[in-house]
Amino acid sequence: MFQPDLLRGKRILVTGGGTGLGRAISHRFAELGASLVLCGRRGEVLESTAAAIAGETGVPVETAVCDVRSGEAVDAMVERLWATAPIDILINNAAGNFLARTHLLSHRAVDAVLNTVLHGTAYCTIACGKRWIEGGRPGTVLSVLTLSALQGAPFTVPSAMAKAGVLAMTKSLAVEWGRHGIRLVAVAPGPFPTPGAWQQLMPEDRQTAPLARSIPLGRYGEHAELANLCTFLVSDQAGYITGEAVVIDGGKRHLGGAGPSDLLEWTDEQWGKLRS
Ligand SMILES: CCCCCCC/C=C/C(=O)SCCNC(=O)CCNC(=O)[C@H](O)C(C)(C)COP(=O)(O)OP(=O)(O)OC[C@H]1O[C@@H](n2cnc3c(N)ncnc32)[C@H](O)[C@@H]1OP(=O)(O)O
Ligand SMILES: NC(=O)C1=CN([C@@H]2O[C@H](COP(=O)(O)OP(=O)(O)OC[C@H]3O[C@@H](n4cnc5c(N)ncnc54)[C@H](OP(=O)(O)O)[C@@H]3O)[C@@H](O)[C@H]2O)C=CC1
């Protein structure tokens with residue numbers, strides 16, 4: 001249980017905050033008193049989410065239509081937001097991804113993912129970071145990675161490359177900006193069902209494998225579990241944590257690429273036969 005006013009007084013910009021995990025994280029922040037700016041490309045999606053969160057929590061929720069692939073658009077958005085009040089916390093959550101065989105990707109397909117995840121994250125982070133440093137203000141950046149940032153992922157290679165780059169950014173800027181009171185942290189989620197991720201990455205053919213084989217805890221993550229982790233990491237309670245990425249995956253990472261997942265379903269008889 002968090003203090004009910006844990007994030008009161010914090011103004012938080014959430015990229016990709018209109019849908020899925022960004023929406024869930026934003027909702028939790030609002031419940032704990034933060035004021036929000038939700039950013040994405042689709043104004044109607046942002047407006048609908050903002051109205052829902054504001055209605056349920058009573059906190060102000062602004063929206064900012066912005067394609068983070070454009071550095072100019074990001075600078076203009078952040079400049080406009082700062083004119084009202086500084087942002088205290090940036091959540092780099094916007095992403096694009098799809099399943100594809102890498103040797104068949106076009107240049108534009110590679111760019112679609114890298115420009116959103118790697119470049120977009122860099123543009124947003126620098127736009128906020130430079131204002132924090134110039135204004136002598138502290139700040140916090142939380143980036144949403146994936147497990148693939150740590151261990152790679154076939155068939156989603158541009159995403160894995162981009163998220164690994166964001167992890168490198170997190171570690172590097174933790175050192176470079178630490179003396180300015182700026183913290184950079186990250187979360188690396190395993191599978192958390194969202195319409196966006198499932199549409200892109202979980203065609204029906206993939207939904208047949210038993211969960212216990214791919215996730216030791218035997219279930220997908222719940223949005224509230226990720227939102228609570230993000231809440232702790234951006235709060236002042238985590239004020240001495242920087243440059244770290246926290247994995248939240250039900251133990252999936254520890255199965256390893258070619259781990260013994262089939263053995264998880266062996267019966268006592270099979271084990272007995274082996275022993276004898
Ligand atoms: C298994 C359970 C989950 C485990 C966890 C996995 C970690 C999750 C990571 C995530 O990021 S989930 C988030 C998913 N959400 C989204 O992807 C939403 C945003 N996505 C998009 O906007 C699009 O999908 C996009 C393609 C990334 C970008 O859209 P945009 O409108 O800018 O591009 P397009 O003009 O449509 O396409 C550009 C370029 O890319 C080629 N392309 C698009 N899709 C595919 C595909 N599936 N396979 C191959 N190539 C693709 C497209 O053809 C264009 O190239 P050209 O044809 O012009 O050369
Ligand atoms: N769901 C999962 O299992 C996992 C998700 N993740 C990560 O969690 C985050 C959220 O994913 P999830 O909620 O599942 O998927 P969504 O598709 O719901 O979220 C992606 C969001 O990013 C926004 N977005 C995409 N491109 C741009 C852009 N160029 N400029 C601005 N906003 C953009 C989208 O809004 P719009 O289209 O309106 O621009 C959307 O709100 C991502 O970083 C993803 O990599 C990581 C591991 C697992």
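## Strands side by side

Two strands pair if DSSP finds at least two bridges between them. Helices (H or I, at least four residues) and strands (E, at least two) are themselves DSSP runs, numbered from the N terminus. This is a predicted model, where local features need pLDDT of at least 70, side-chain atom pairs count only at pLDDT 80 or more, and totals for chains, interfaces and linings use all residues. Residues are numbered from 1 along each chain as its sequence is written, while chains are lettered from A and ligands numbered from 1 in the order in which they are written.

S4 and S5 pair in the parallel sense over 4 bridges, and Leu-90 has Val-141 of S5 as its bridge partner.

A residue is buried if 20 or more other C-beta atoms lie within 10 Å of its own, exposed if 12 or fewer, and partly exposed in between, with C-beta atoms placed from the backbone.

A nonpolar core is a set of buried Ala, Val, Leu, Ile, Met, Phe, Trp, Tyr and Cys residues joined through C-beta atoms within 7 Å. The largest one here has 62 residues, and Leu-13, Leu-36, Leu-142 and Val-187 have the most contacts inside it. Helix H4 gives the largest share of this core, 8 residues. Leaving aside residues up to four places away in sequence, Leu-13 touches Val-37, Cys-39, Leu-81, Ile-87, Leu-90 and Ile-91. Contact requires that the C-beta atoms, placed from the backbone, lie within 7 Å.

Helix H6 has 21 residues, which at 1.5 Å a residue should span 30 Å; its end C-alpha atoms are 29 Å apart, in agreement. The expected span is 1.5 Å times one less than the number of residues. Among the buried residues of H6 are Pro-158, Ala-162, Val-166, Leu-173 and Trp-177, and the cover over its buried residues includes S4, H4, S5, H5, S6 and S7.

In H9 the buried residues are Leu-226, Leu-229, Cys-230, Thr-231, Leu-233 and Val-234. They pack against H1 and strands S4, S5, S6 and S7.

## A loop residue to look at

Phe-155 sits in the loop between helix H5 (148-151) and helix H6 (157-177). Most residues other than glycine have a negative phi, yet Phe-155 has a positive phi of about 75 degrees. Phe-155 counts as exposed because it has 12 C-beta neighbours inside 10 Å.

## Around the two ligands

Which residues come closest to ligand 1? Of the 18 that surround it, they are Gly-96, Asn-97, Phe-98, Ser-106 and Ala-109. A residue is near a molecule if its C-beta atom, placed from the backbone, lies within 6 Å of it. H4 and H7 each supply at least two residues of this shell.

Ligand 2 has 29 residues around it, with Gly-16, Gly-20, Arg-41, Ala-95 and Gly-196 coming nearest. Helix H1 (20-31), helix H4 (107-135) and helix H7 (195-201) each give two or more residues to the shell around ligand 2, and H1 gives the largest share, 3 residues.

Definitions and conventions: Contact = placed C-beta atoms within 7 Å.
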